[in-house]
Amino acid sequence: MAHEDKLIGELDKLKTSFSTTIEKIEKDIKRKDKIMERSDKRQRKEYDELQDKLEEVKDLNKEIEDNQREAVFQMGVIGETRSKETANHVIRVAEYSYILAKAYGLDAKESDILRQASPLHDIGKVGIPDAVLNKPGRFNEEEREIMNAHAKMGYDMFIKLSGAIYQAAAHVSYEHHEKWDGSGYPRGLKGEDIHIYGRITAVADVFDALGSDRVYKKAWDDEGIFKLFKEESGSHFDPRLIELFFENLDEFKKVRDSFKDEYKEGLVH
Ligand SMILES: [Fe+2]
Ligand SMILES: [Fe+2]
């Protein structure tokens, strides 16, 4: 009997120490859970804060981009006002350039950069004296030279600015009067030596200028414009771009119809 009592005693001891160990383990687990919970909460908070910051940065980026888009557009309007063009001319030239850029195979980003930069082609005209700019009738040689300087002046204005749109605008300004056969100005560049942005802007700008009524001229009809484009393909214009122009004519017409010029008392606004 004594032996059994001893055994039971031993078992009891074991039981007590076992339950203390279990209790200790349970406590440990609970403490760990609490610590985990706390660090989980902290991590989540940090994550949420980071998310918020990211949203803020995104919003700021969007705001900067929108502001730049607006400023660039207004610059285009200023430049084109010097040529007695309208704000809708700026939009149309932008959209025509975009259509051609995409059709030519430029990617979406490059095409959008050109869309914004192409209406800046005549910004250099802000530096041309009114007496020359508004002279009725033909220019003499000296006046022609002054007038033609607008291409290089636009280039000089933009090339100093960093940013893809301004760099594109520099090319557009410098090269929108170059011709495929090398007979253009200011440098007499030929073929693909003319930046694609300049070649596209030339087609877009001429198409719009010919097809629009102005205080000093009536719009050409489509037949006349198409005839000129066919004749000038390979001389003034990049022949590939003229092909693409005719292939995408419906899109061009859609833009023209959506952004018509408004008239008030016979004046263009
Ligand atoms: Fe020009
Ligand atoms: Fe223009």
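Two residues are in contact if their C-beta atoms, placed from the backbone, lie within 7 Å. With that rule, the structure above, which is a predicted model, can be read one region at a time.

Start with I200. Setting aside neighbours within four places in sequence, I200 is in contact with S97, L100, A101, L114, S118 and L241. I200 also belongs to the largest nonpolar core, a set of 40 residues. Within that core, L100, A117, A169, I200 and V203 touch the most other members. Which elements supply the core? Two or more residues each come from helix 1, helix 2, helix 3, helix 6, helix 7, helix 8 and helix 10 (239-247). Helix 2 gives the most, with 8 residues.

Next comes helix 7, which covers residues 164-175 and so has 12 residues. From its first C-alpha to its last, helix 7 reaches 17 Å, close to the 16 Å expected at 1.5 Å a residue. How many of the residues of helix 7 are buried? The count is 10 of the 12, so helix 7 is largely enclosed by the rest of the structure. The buried residues are I165, Y166, A168, A169, A170, H171, V172, S173, Y174 and E175. Their cover includes helix 1, helix 3 (108-117), helix 6 (150-159) and helix 8 (196-211).

Now turn to the pair formed by helix 1 (residues 2-82) and helix 2 (residues 87-104). Their axes come within 9 Å and cross at roughly 115°. The crossing of helix 1 and helix 2 is right-handed. On the side of helix 1, the contact is made by F73, G76, V77 and E80, and on the side of helix 2 by A87, H89 and V90. Sorted by type, the residues of this contact are 4 nonpolar, 2 polar and 1 charged.

The last stop is a loop residue. F237 sits in the loop between helix 9 (222-232) and helix 10. Is F237 buried or exposed? A residue is buried if 20 or more other C-beta atoms lie within 10 Å of its own. F237 has 24 C-beta neighbours inside 10 Å, and therefore counts as buried. Not counting residues up to four places away in sequence, F237 touches W180, A202, V203, F229, E232 and I242. One of these, A202, is 35 residues from F237 along the chain, yet the C-alpha atoms of the two are separated by 7.5 Å. Another, V203, is among the core residues that touch the most other members.

Terms used
Residues are numbered from 1 along each chain as its sequence is written. Chains are lettered from A and ligands numbered from 1 in the order in which they are written. This is a predicted model: local features need pLDDT of at least 70, side-chain atom pairs count only at pLDDT 80 or more; totals for chains, interfaces and linings use all residues. Axes are lines fitted to C-alpha atoms, for helices over the stretch in contact, and angles run from 0 to 180 degrees between N-to-C directions. Helices (H or I, at least four residues) and strands (E, at least two) are DSSP runs, numbered from the N terminus. A crossing is left-handed if the near helix is turned anticlockwise from the far one by less than a right angle, and right-handed if clockwise. Ala, Val, Leu, Ile, Met, Phe, Trp, Tyr, Cys and Pro count as nonpolar, Asp, Glu, Lys and Arg as charged, and the others, Gly among them, as polar. The expected span of a helix is 1.5 Å times one less than its number of residues. A nonpolar core is a set of buried Ala, Val, Leu, Ile, Met, Phe, Trp, Tyr and Cys residues joined through C-beta atoms within 7 Å.
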